[in-house]
Structure formats: structure tokens, C-alpha cells
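Keep the model open as you read.

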Amino acid sequence: MAAAPPGSSVVGLTGAGRSGSGGAREWLSRVAPRRLGGVDPRIRAPQPFTSVRNQPARPARIAAGWHDVPMASTPVLGRRGGTAFVLGGGGVLGAAEVGMLQALFEHEVRPDVIVGTSVGAINGALIAADPTPSGVDRLREVWAELTSEGIFAGSVLTRARTLVRTRTHLHPREPLRELLEAHLPVQTFSGLRVPFQCVAASIERAAEHWFTDGALIEAVLASCAVPGLLPPVELDGEHYLDGGLVHSIPVGRAVALGADTIYVLHVGRIDRPLRPPAKPWEVALVSFEIARRHRFAADLAALPPHVTLHVLPSGDLGPSAAGDLRNLRYRDFSGVPERIDRSYRAACGYLDRSGTSGEGAG
């Protein structure tokens, strides 16, 4: 993680959910000197779950850079600011976000705006439709359905036939569409109870595209169109792939929309060490992790002075690196209940220690 600008507040960076200063501090010291010329002394890892509070306020400024151009947006929160939930991508690992959401709602933290990528777009859209503890319970039921039925069902032969027929992907999108149609009570962005936006990657423009209105399910499908697994989604003559290609943890979008308190719900791995790939399957995994972490670090480097960022712990166990083959097991939903419970406990511990409660939604 790169150091944030002086005056910003980055709270609760625990990475894989370990208490104390070890993992996050080691990552910070390893990455920041190379990226930004040194570690800001005001940004430090928890001791455990301590935070860096804001320095005297200075005029808000988002550092200019390549990542600002496609993010241009009219703030939806206006001058009053507000609380944003940022839900990152990560496939089946996105079950961790359900436990984090449960912890946030139990601590009476409510979103004023939600932004999501890939699986975070699914979780985010469902919570934006029903931003209550009951909505989180229903989201758990959705994940239970994923576990029992499987969005990516089919034998090896079936997947091979799909690939031969389509030449681009292994699975049809219809099962995911049917799941969203069954569980989303609204069809358009305007019907949501909390403002929600999701991102996808435009093939023709080689750029991020933020969906903010219109057909909700089509937008979520576009944000979830994992290359090679699901087909691109065509909307108005343009083709879209998974939003994780361009903005896996879209903190910058939340800032652009006017949020001054941001909760990052991620799937883990962001503090785990990367090493040069030594096996064929590690090449793509490590390459994607570099792109994913670079954008997240750039957003943190551009964090305005008045913004407080909470990075919730995922509760992940073990020191596995980003090239771990387990990251390829996109069809294995067997660990979903445990992952939800683990992230819930870790997030509750963080929120209890940080004294966070009653933020957002008004």
C-alpha cells in the first residue's frame, strides 16, 4: 500500500485480518519507499486496530493523474459528504464482503452511497436495494443458493463444448441473470434505496465505464463478465468485461462522488507478498495482482485530506501468496459459510476496537 497524503486518515489496515503491526507494516515499508519516496510517518499499521486521525484540515485536493480522467463524476453526496461502502472484486472470495456487511449494519454503520466491482457489484446492488440487516440476511441466502446450485455448473465436457461453440468463454451468463432476477426487487438504478454504481471495462474504448442509471441487471452482468469464464456484455453497441480489469477496489470513485468516510470491503490478499512467477498459471495471477494493487495504491496516494478510509479485515488465515492455485478455484463454494463467519468476526473486532458506530445514512 502506498502512503496517503499528509492529513489523510487511513484507519484499520490489517490486511489479512491479523492484529498487531506485522503484515500491514511490512507491506507498507516494502512498497511505499519505492512508489512514493518514503513512508509517511502519519500512516501506520494498527497496534492493534489503532488509527491515524486527521491532521488540521487543508483544502481538499485529488492529485492529478491518469486514473482521474475516466472517474469524472458529479458528486452524489453534495457538500455534506457522507459514508460510502466500496465493494471490491474477487469471485467466490467475495463471500467475505457479506460478513463485513453484517458487522457494519450491526454496528449501525449505514451507507449513503455504494460502489462495486464484479462480485462486489452483485453484493452492492442487493444491499442498495435493501440496506438493512434483513437485506444482509437475504444476501447470505443468495450465497447459500450459489453454494447449492452453482452459477458455474457443468462438467468438464460441457464447459469444453461451450468453449468450442463460443470460442471465448466456458459458461453461459443465463444462470447468473436468473439469480439476479430472482433476488433483486427492482429492475433499474432509480428503484434502489441507496445510490449505487458499478464499473465494467469497455473493450472498444479500453477504459472503465461506470453504470449509474438504466437497467440494473445488465449493468451488474457487465461488471461480472470475467474474461474467459463469461461472455462480454453488449450494451448500445459497446462490449464490456469484468470491472476488476480496470478498478478492482474503487476507492477513487467513492471520493469522486463526495464521500468523506469510506469503508473498504475487499476479499483479502492485498497485503500478501508477490514473487516472480515460477509456474505457467502464476503468470496471469501475478500480473493481475500487480494491476489490482497499483490502482488501489494510486487511489490511496490521491486520498484528499478530509477523507477517512476504513480498510476492513477479511479474516483470511494463512500466509499464502497471490500466485496460490486456490485463487483459480472459481467453482469451489464449499468454504463460503466459513468465509462469511470469519470476515464477520474480524470486522466486528475491528469496529469494536475502533469505536465505529452510527455513521452514514443521514
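In which sense do β2 and strand β3 pair, and over how many bridges? The model is a predicted one. In it, β2 and β3 (residues 113-117) pair in the parallel sense, over 4 bridges. For a landmark, find valine 86, which stands opposite valine 115 of β3.

Strand β2 (residues 83-87) also pairs with β8. Strand β8 spans residues 261-265 and runs parallel to β2, with 5 bridges joining them. Here alanine 84 has isoleucine 262 as its bridge partner.

Now look above and below the strand. In a regular strand, side chains alternate between the two faces of the sheet. Is β2 covered on its faces or open? Both faces are covered. Thr83, Phe85 and Leu87 are buried on one side, and Ala84 and Val86 are buried on the other.

Next, the helices. Two packed helices are described by the angle and the distance between their axes. The axes of α2 (residues 95-106) and α10 (residues 336-354) come within 7 Å and cross at roughly 40°. The crossing of α2 and α10 is right-handed.

Which residues make the contact? From α2 they include Ala95, Val98, Met100 and Leu104. From α10 they include Val336, Ile340, Tyr344 and Leu351. By class, the contact of α2 with α10 has 12 nonpolar, 3 polar and 2 charged residues.

Technical notes. Residues are numbered from 1 along each chain as its sequence is written. This is a predicted model: local features need pLDDT of at least 70, side-chain atom pairs count only at pLDDT 80 or more; totals for chains, interfaces and linings use all residues. Side-chain values use heavy atoms; hydrogens and water are left out. Axes are lines fitted to C-alpha atoms, for helices over the stretch in contact, and angles run from 0 to 180 degrees between N-to-C directions. Helices (H or I, at least four residues) and strands (E, at least two) are DSSP runs, numbered from the N terminus. A crossing is left-handed if the near helix is turned anticlockwise from the far one by less than a right angle, and right-handed if clockwise. Contact means heavy atoms within 4.5 Å. Ala, Val, Leu, Ile, Met, Phe, Trp, Tyr, Cys and Pro count as nonpolar, Asp, Glu, Lys and Arg as charged, and the others, Gly among them, as polar. Buried means under 20% relative accessible area, exposed over 50%, partly exposed in between (1.4 Å probe, protein chains only). Two strands pair if DSSP finds at least two bridges between them.
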